[in-house]
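Have the sequence and the 3D view ready.

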Amino acid sequence: MTEIDIEQNVDEAQSAALELAKLSDEERTEALHEIADAIEARTDEVLEANEKDVTEGERLLEDGEYTQALVDRLKLSESKIESITEMVRSVADQEDPLGKTLSARELDENLELYKVAVPIGVIGTVFESRPDALVQIAALGLKSGNAVILKGGSEALHSNRILFEIIEDAAADAGVPDGWAQHIEAREDVDALLEMGESIDLLMPRGSSEFVGYIQDNTSIPVLGHTEGICHVYVDDEADLSMAEDIAYDAKVQYPAVCNAVETLLVHESVADEFLPAIADRYNSADVEMRGDEATREIVDVEAATETDWDTEYGDLIVSIRIVDSLETAVDHITTHGSKHTDSIVTENADRASTFMRSLDSASVFHNASTRFADGYRFGLGAEVGISTGKIHARGPVGLEGLTTYKYHLEGDGQLVATYAGEDAKPYTHEEFDEEWNPGRLSDE
Ligand SMILES: NC(=O)C1=CN([C@@H]2O[C@H](COP(=O)(O)OP(=O)(O)OC[C@H]3O[C@@H](n4cnc5c(N)ncnc54)[C@H](OP(=O)(O)O)[C@@H]3O)[C@@H](O)[C@H]2O)C=CC1
Ligand SMILES: N[C@@H](CCC(=O)OP(=O)(O)O)C(=O)O
């Protein structure tokens, strides 16, 4: 573990954040393209470092200390590195999130109020052992003008070190102020961050509910938590069953280790006889272990599900199945056992889809689509810092917009509040208008 002076690192990040906010969109974009090129050029070094992490991970998997999900998330390959660099370029080419006028309102003639997007400042992130997460978070931080403190999972240490070095070097070559990204490795440094409310504007922990809860309970810094995904697919009595089969299969099998994979299938009783044998065949062909309630087990030969299954994120080729008598029971089940991450209904009935989507309090609610779409890249956000399971200020996949806040800019020509108060108070006009903020606008007119 590399020893660092955490206070100094955070001070550097704070100073860099002020400089970073002054870089133009062209400069930030160019730096991101250079980062993508540098990762590509140094693919061999990244793979070599990753090999060390994966070898250790596989050893611990054999000893039963690690899960397959952890090793799957840890592993890089040439094609994964290609998709990482594609994401960096995609972030680079997103519209500039900074300086955008979010709303403009005339308070009175020549007194105009603009709400303008700005960076949050210094963001402390802690994430799981997934090296691509470090790159995505750094890229989004840079494009949105935020300084980022990056703490990845210990299992990914070698991969994270080399990726951080590449990003830091390429950004410096492109003229990004030093210190805008800081890599920390020790848990004690995370604990120190929790005390630094004056320097850190936001904490974004990604990981188990236990860990995210620990952060929330031990800091006064605002926390945007990204935690477990107990995601559901509900197959309605008016579902296209062939579509439902494809969705249930994709949501479990396409990448079972991630938080947006489905964990529980809820099936309406009137379609269960037809649907369950078909999906069981598909799941069996992919070695998915199924655990069903009693009613499910009368139709297909699967393991028995216990109450614990409904509250479990397997992160693996395991799925629990429950037969429900109505849409309302499905919604109740998800409300009781879900984690407000992503839930999907398969139905041809638009009213039932609408009821499902309005009744649930999850960050993403889908109709006739796989839960695996809950992802910043797939949503067109370029990449994601994670999938927020909190509600304020960003929900679901967090991209550039989630990394900005706003400032009010008021442009006047000498107005005083006294004019608008008292007996002869002049009324405000309070009219919305469609104009970008431009400090010279009033004097130009
Ligand atoms: N919604 C989302 O976007 C995401 C959700 N998740 C969820 O996270 C869970 C799996 O992640 P898992 O790998 O087990 O994550 P963990 O919660 O074990 O670890 C995540 C990170 O937190 C750190 N950490 C854990 N405990 C502490 C502590 N007490 N003090 C300081 N740092 C700590 C870890 O560091 P160290 O390695 O040093 O222990 C690691 O960097 C799943 O439920 C998954 O769905 C994961 C990622 C994204
Ligand atoms: N958006 C990601 C999954 C989100 C995520 O980070 O999940 P996790 O694997 O739990 O770290 C994806 O679809 O690959």
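This is a predicted model: local features need pLDDT of at least 70, side-chain atom pairs count only at pLDDT 80 or more; totals for chains, interfaces and linings use all residues.

Residues are numbered from 1 along each chain as its sequence is written, while chains are lettered from A and ligands numbered from 1 in the order in which they are written.

Two strands pair if DSSP finds at least two bridges between them.

| Strands | Sense | Bridges |
|---|---|---|
| Strand 9 (289-292) and strand 11 (318-324) | parallel | four |
| Strand 9 and strand 10 (303-304) | parallel | two |
| Strand 1 and strand 2 (111-119) | antiparallel | six |

Take a look at Gly292: it stands opposite Ile321 in strand 11, and its bridge partner in strand 10 is Ala304. Strand 9, helix 12 (residues 294-299) and strand 10 also form a right-handed β-α-β unit. Right-handed means that, with the strands pointing away from you, the path from the first strand over the helix to the second runs clockwise.

Four strands sit in the order 16-2-1-17, with antiparallel pairing. Strand 16 (404-411) and strand 17 (431-432) are at the edges with a single partner strand each, so one side of each has no neighbour in the sheet.

Pro97 lies in the loop between helix 5 (78-92) and strand 1 (101-108). Is Pro97 buried or exposed? Pro97 is buried, because 22 other C-beta atoms lie within 10 Å (buried takes 20 or more, exposed 12 or fewer, partly exposed is in between, with C-beta atoms placed from the backbone). Pro97 and Ser144 are 47 residues apart in sequence, yet 6.2 Å apart in space, C-alpha to C-alpha.

Helix 11 (residues 269-285) has its own buried residues: Ala272, Phe275, Leu276, Ile279 and Tyr283. An α-helix has 3.6 residues a turn, so residues three or four places apart point the same way.

Finally, ligand 1 has 24 residues around it, and Glu128, Gly207, Glu228, Cys259 and Gly386 come nearest (a residue counts if its C-beta atom, placed from the backbone, lies within 6 Å). Helix 8 (187-194) and helix 9 (209-217) are the elements giving two or more residues to this shell.
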